[in-house]
Amino acid sequence: MSLSHEREDNLIKTLKENFPTDIKDATVMRRSRINVTVAPEKILDIALFLRDKLGFDHPTGVSAVDYNRESRFEIVYHLASIANPAQRDILINLKESVPRNTPKATSLVRIWPGVENFERESIEMFGLQFEGHPRPEKLFLNDNWDGPPPMRKEVRFPTD
Amino acid sequence: MTTTDKPAQESTLGSPSPDEPGAQTLTLSVGPQHSGSGHMRLIVELDGDIIINAEPDPGYVHRGIEKIIELRNIIRSIPVIERPSIIDASNLNHAWVKAIEELQGVEPPARGQYLRCLLNEMNRIMSHLYWLSIYGVFLGHTTMFMWPLGDRELFIDLAESLTGARITYSYLVPGGVRRDLPQGFAEEAIKRTEYFEKRLDEYENIFFKNPLFTSRAKGVGVLSRQRAIELGATGPTLRGSGVDADLRKDEPYAAYSELDFKVHTRPDGDSYSRVMVHVDEMRESSQLIRQILEKMPSGPVRRKAPIVVPRGEAYGRVESARGECSFYMIGEGGDKPYRARYITGSYRNMAAISAVLQGVRLADMPTSWWSIDYWPVEADR
């Protein structure tokens, strides 16, 4: 396996050229894995660019991470490309951070319809809000669940 | 109200006046009784006997596994990781150890990699056979229920002799696998896979060419290529819509780069295509098992790996029986992950259910829905 990250570096270069101020950080984690952190208010434009110009048309999931010590949530969109067979192995982690006291983000369902269920899960499990989400209802939890969002770090099991 | 009760959707309550939207349609709640695959519910809206909308309502078998694995060390988590799909335990386990090894920088020895592939392919066949037998039930074809479940025992016995357990093996550990091949395994496996391929020919004659099946599957429940991609569908569902995506080829892991196999696709995107992709994959896995045994190098099966998740991020993805299974793992140096996001094939394919069922007749619903190979327990985690 080659050690060069030419394809990954080129993708990052293209992104940085097109969004010089909105990309806060872009690194190659390892071969085929790219982390891109963006400004939450610009995520829609960057997502559209990733899908239409760079061929990342296949959402493989959305993760939310609770960094309670830093008072923020990180929302990570995992994106793969079917359109471009040369980058089938590449996975982009498109990240944005939202403050823990006002966890509002923009829904990307209109870019990738496949993220709908994942965003719904983040809403119920972490208490996030996605503006423009077509169905911000409970997915796995009971509709009458009134406890705290269970995946937040401060929520412990009774046996802990 | 018990904890698993969910109130019905707004639209199912009360009777709307004839002018209101929804007045001409009937809303049915299908489930959440165990329908052969684990508890889940479909809320189906009908116009006559045509489905105009079908919403999955998951969560009846949600275990909170992502929380559980934040609280246990990485070895103790392995049996938990396998639970969502005990019939495909090895592949799910593989995603877990792959993410950990990526962070640790540990590369298992070559023989360990081959043994992982061996159990993965046996699991793929077992999972597909289990799915096929339930497909038989949904079609009212009793023989197709009995035969695959019976032939699945061929591989269960093999797995038992290899790992000591019939279904949940906990065989893959960071650094390799737990134990080496038992004596006489290869001869027995070759005999059994050859017999199994003959059985698949018999399935072909009794079922796959049977009008009972073809008339209810061909052209029914079509998922277009474009729709499958944008919905994030994966595995046989995606390949049944003509996309040749398979992580074993796209991002070869373990020993797959040294093995010779084909990625099977069908262009039509209907129930029939998705079923036949499963069947082709069983044949391919069967020959892969013989190939793995033939090419397997000698040497150790396991390397020492620490019980530690080093600081950093990793994304371990593997091709499980139902599509991509992945772990997005964040470590901070302890023996537990800070966060381990668990995304399974069924969870992703849940988005395809509505797309597949729209426009299908109610009588064809079970077979169309089941052709996605959606496993509620694997989706809920």
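A nonpolar core is a set of buried Ala, Val, Leu, Ile, Met, Phe, Trp, Tyr and Cys residues joined through C-beta atoms within 7 Å; a residue is buried if 20 or more other C-beta atoms, placed from the backbone, lie within 10 Å of its own. This is a predicted model, in which local features need pLDDT of at least 70, side-chain atom pairs count only at pLDDT 80 or more, and totals for chains, interfaces and linings use all residues. Residues are numbered from 1 along each chain as its sequence is written, and chains are lettered from A in the order in which they are written.

**Nonpolar core**
- The largest nonpolar core holds 142 residues, and those with the most contacts inside it include A:Ile92, B:Trp96 and B:Met122.
- Helix H4 (residues 110–139) of chain B gives the largest share of this core, 15 residues (helices, H or I, have at least four residues and strands, E, at least two, as DSSP runs numbered from the N terminus).
- Beyond its neighbours within four places in sequence, B:Met122 is in contact with B:Phe155, B:Leu158, B:Ala159 and B:Ile289 (contact: C-beta atoms, placed from the backbone, within 7 Å).

**Contact between the chains**
- Chain A and chain B each bring 31 residues to the contact.
- On the side of chain A that touches chain B, S3(A) supplies the largest share, six residues.

**Sheet in chain B**
- Three strands form an open sheet in the order S1-S2-S3, with antiparallel pairing (two strands pair if DSSP finds at least two bridges between them).
- Strands S1 (26–30) and S3 (50–57) of chain B stand at the edges, each with a single partner strand, so one side of each has no neighbour in the sheet.
- Seven bridges join strand S2 (residues 41–47) of chain B to S3(B).

Key
Two residues are in contact if their C-beta atoms, placed from the backbone, lie within 7 Å. A residue is buried if 20 or more other C-beta atoms lie within 10 Å of its own, exposed if 12 or fewer, and partly exposed in between; C-beta atoms are placed from the backbone.
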